Amino acid sequence: MTTLAAIPESIAEHLLRIQAVALRPQEPFTWTSGIKSPIYCDNRLTMSHPEVRELIADSFAAVIKERYPEAQVIAGTATAGIPHAAWVAQKLQLPMAYVRDKAKGHGKENQIEGRIEAGKKVVVIEDLISTGGSSIKAAEAIKQVGAEPLAVLAIFTYELDKSTQAFAEAGLKLDTLSNYSALMQVALRTGAIQEEELELLRSWREDPSSFGK
């Protein structure tokens, strides 16, 4: 098993290998928000690679055992966090639920599927952190049923200041398996980017709104 300290670069290397992360510093992607970005992350691709999803599940389980041993429920965010939450819950032999972005408009009108009882301590599993809004919204839904979200755990974070500020304001812990900084180091070491592109990538993280202008 990979040690906790080695997890960020190990996960980053696998994400690059399976092309869950794509880097185009010279030809940036355009996000839905209109922001130009040199990076695009689609962690849903990890589901199609058994060895990668196993590493992710093992890594999440190791982090929870080490940092959040009091966790009683694993909750995935809909939709991308659901499979990873299921695999982690199975490894830890804990109950699993998932949280929709809003309550259903029919049936029991649930926002939380599965059962999270009042007083339970919950770890939220997410696939990707950009601004952090959807993860924080899921944690708030958990609070509304009287449970306690211990932290949000995600596979990857862009490390944007906006997300850091949002989690701080929400009083919510964020723990990620890998991050933008680790990815840059792995990408440079493996030749996915060149030295001269590194500064472009760093400048985007510092000020995404001005990138490509």
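Helix H1 (residues 7–17) and helix H2 pack with their axes 11 Å apart and at an angle of about 155°, where axes are lines fitted to C-alpha atoms, for helices over the stretch in contact, and angles run from 0 to 180 degrees between N-to-C directions. H1 and H2 are therefore roughly antiparallel to each other, given that angles under 35 degrees count as roughly parallel, over 145 as roughly antiparallel, 65 to 115 as roughly perpendicular and the rest as oblique. The model is a predicted one, in which local features need pLDDT of at least 70 and side-chain atom pairs count only at pLDDT 80 or more, whereas totals for chains, interfaces and linings use all residues. Residues are numbered from 1 along each chain as its sequence is written, and side-chain values use heavy atoms, with hydrogens and water left out. Helices (H or I, at least four residues) and strands (E, at least two) are DSSP runs, numbered from the N terminus.

The crossing of H1 and H2 is left-handed; a crossing has this hand if the near helix is turned anticlockwise from the far one by less than a right angle, and is right-handed if clockwise. On the H1 side, Ile7, Ser10, Ile11, His14 and Arg17 meet Glu51, Val52, Leu55, Ile56 and Ser59 of H2, contact being taken as heavy atoms within 4.5 Å. By class, this contact of H1 with H2 has five nonpolar, three polar and two charged residues, where Ala, Val, Leu, Ile, Met, Phe, Trp, Tyr, Cys and Pro count as nonpolar, Asp, Glu, Lys and Arg as charged, and the others, Gly among them, as polar.

H2 also packs against H3, at an angle of about 60° and with the axes 9 Å apart. H2 and H3 are therefore oblique to each other, and H2 passes H3 in a right-handed crossing. The residues in contact are Arg53, Glu54, Ile56, Ala57, Asp58, Phe60, Ala61, Ile64 and Lys65 of H2, together with His84, Trp87, Val88, Lys91 and Leu92 of H3. They divide into eight nonpolar, one polar and five charged residues.

Within H3 (residues 82–92), the buried residues are Pro83, His84, Ala85, Val88, Ala89 and Leu92, buried meaning under 20% relative accessible area, exposed over 50% and partly exposed in between (1.4 Å probe, protein chains only).

Six strands form an open sheet with mixed pairing, in the order S7-S6-S5-S8-S9-S10, two strands being paired if DSSP finds at least two bridges between them. Strand S7 (112–113) and strand S10 (174–179) are the edge strands, each pairing on one side only. H3 packs on the sheet, where it touches S5, S6, S8 and S9, and its direction makes about 165° with that of S5.

Strand S5 is mostly covered, since five of its five residues are buried. Both of its faces are covered, with Val73, Ala75 and Thr77 buried on one side and Ile74 and Gly76 buried on the other. S5 pairs with S8 in the parallel sense over four bridges, and in S8 the bridge partner of Ala75 is Val124. S5 also pairs with S6 in the parallel sense over four bridges, and here the bridge partner of Gly76 is Tyr98 in S6.

Most residues other than glycine have a negative phi, and most peptide bonds are trans. Ala78 and Thr79, however, are joined by a cis peptide bond with omega of about 5°, and Thr79 lies in the loop between S5 and H3. Gln93, which follows H3 and is found in the loop between H3 and S6, has a positive phi near 55°. Gln93 is exposed, with a relative accessible area of 61%. Glu159 likewise has a positive phi, of about 60°, although it is not a glycine. This residue lies in the loop between S9 and helix H5 (161–170) and is partly exposed, with a relative accessible area of 23%.
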